[in-house]
Amino acid sequence: MVYSSNVLKVVNALQITIGDQQIQKKVSCIANEIKKCTNKGKVTAIFGNGGSAADAQHLAAELVCTYKNRKRKPYKAIALNTDTSIMTAWSNDFDFESIFSRQLEAFGETIGFSIGLSTSGKSKNVLKALNFSKSINLTTCLICGKNDLDYEDIDIVIKIPSEETATIQTVTQVIYHSICDVLEN
């Protein structure tokens, strides 16, 4: 029963997203930004907390390594949440809210596109990093779950139609694999 219930939640969310033409446009737009970024010699920075951190790593790995096409060139990408020494030093000595912003500041002009992942859409360090990214003229993207927040300063926002963490994370994977499909076709 539990498995069936979880599957139905994911299927329901996916059915809603299939009917939303804006999501397909946004998936293509994200892929185009990643491609533009790499073509300019810049890096796509991806970041999140917890399960979203794992998704940031997963997406970065798909971009740098391969998705389906083993012969394609790599896309320049990094998951900012993977350097535990930076994260623990900055968090211990300063605060956790600015950890991704600090890394974006350090990488400066090498970054060209900033993607934040947050199931709630409320992660302070993710939102702060996206705001910092805008302040240095980067294109920004947020993939999150359903909420009442307005993200008018973020360039590309995909809100997954669910408030349940597991469903949001599963649909997020479908979204970033779709981005990879666009990049490889």
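Start with strand S1, residues 43–47. S1 is mostly covered: five of its five residues are buried. Buried here means under 20% relative accessible area, exposed means over 50%, and partly exposed is in between, with a 1.4 Å probe and protein chains only. Strands are DSSP E runs of at least two residues, helices are H or I runs of at least four, and both are numbered from the N terminus.

Two notes on the source before I go on. This is a predicted model, where local features need pLDDT of at least 70 and side-chain atom pairs count only at pLDDT 80 or more, while totals for chains, interfaces and linings use all residues. Residues are numbered from 1 along each chain as its sequence is written, and side-chain values use heavy atoms, with hydrogens and water left out.

Back to S1. Which way do its side chains point? Val43, Ala45 and Phe47 point one way, Thr44 and Ile46 the other, and all are buried. In a regular strand, side chains alternate between the two faces of the sheet.

Now the partners of S1. Strands pair if DSSP finds at least two bridges between them. S1 and S3 run parallel, joined by five bridges. Phe47 has Gly116 as its bridge partner in S3. S1 and S2 also run parallel, joined by three bridges. There, Ala45 stands opposite Ile78 of S2.

Zoom out to the sheet. It is open, with five strands in the order S2-S1-S3-S4-S5 and parallel pairing. S2 and S5 (156–160) are at the edges with a single partner strand each, so one side of each has no neighbour in the sheet. On average, neighbouring strands are turned by 15 degrees against each other, direction ignored. Axes are lines fitted to C-alpha atoms, for helices over the stretch in contact; angles run from 0 to 180 degrees between N-to-C directions.

Next, what lies across it. Helix H3 lies across S1, S2 and S3, running at about 160 degrees to S2. Contact means heavy atoms within 4.5 Å.

Is Arg72 buried or exposed? Arg72 counts as buried, because its relative accessibility is 15%. The Arg72 side chain reaches the backbone oxygen of Glu62 at 2.4 Å. Leaving out residues up to four places away in sequence, Arg72 touches Glu62, Leu63, Cys65, Thr66, Tyr67 and Glu184.

On to helix H6, residues 124–135. Its 12 residues should span 16 Å at 1.5 Å a residue, and the end C-alpha atoms are 16 Å apart, which agrees. The expected span is 1.5 Å times one less than the number of residues. Asn125, Val126, Ala129, Leu130 and Ser133 of H6 are buried. Down the axis, these fall within an arc of 135 degrees, so they line one face of the helix. That arc uses the directions from the helix axis to the C-beta atoms. Lys124 and Ser135, on the other side of H6, are exposed. The cover over the buried residues includes S1, helix H5 (99–107), S3 (111–118) and S4 (139–145). Just after H6, Asn137 has a positive phi of about 65 degrees.

Last, Glu33, in helix H2, residues 21–39. Glu33 counts as buried, at 13% relative accessibility. Beyond its neighbours within four places in sequence, Glu33 is in contact with Phe113, Thr139 and Ile156. That's the tour.

Notes: Polar contact = N/O pair within 3.5 Å; in protein donor to acceptor, adjacent residues only side chain to side chain.
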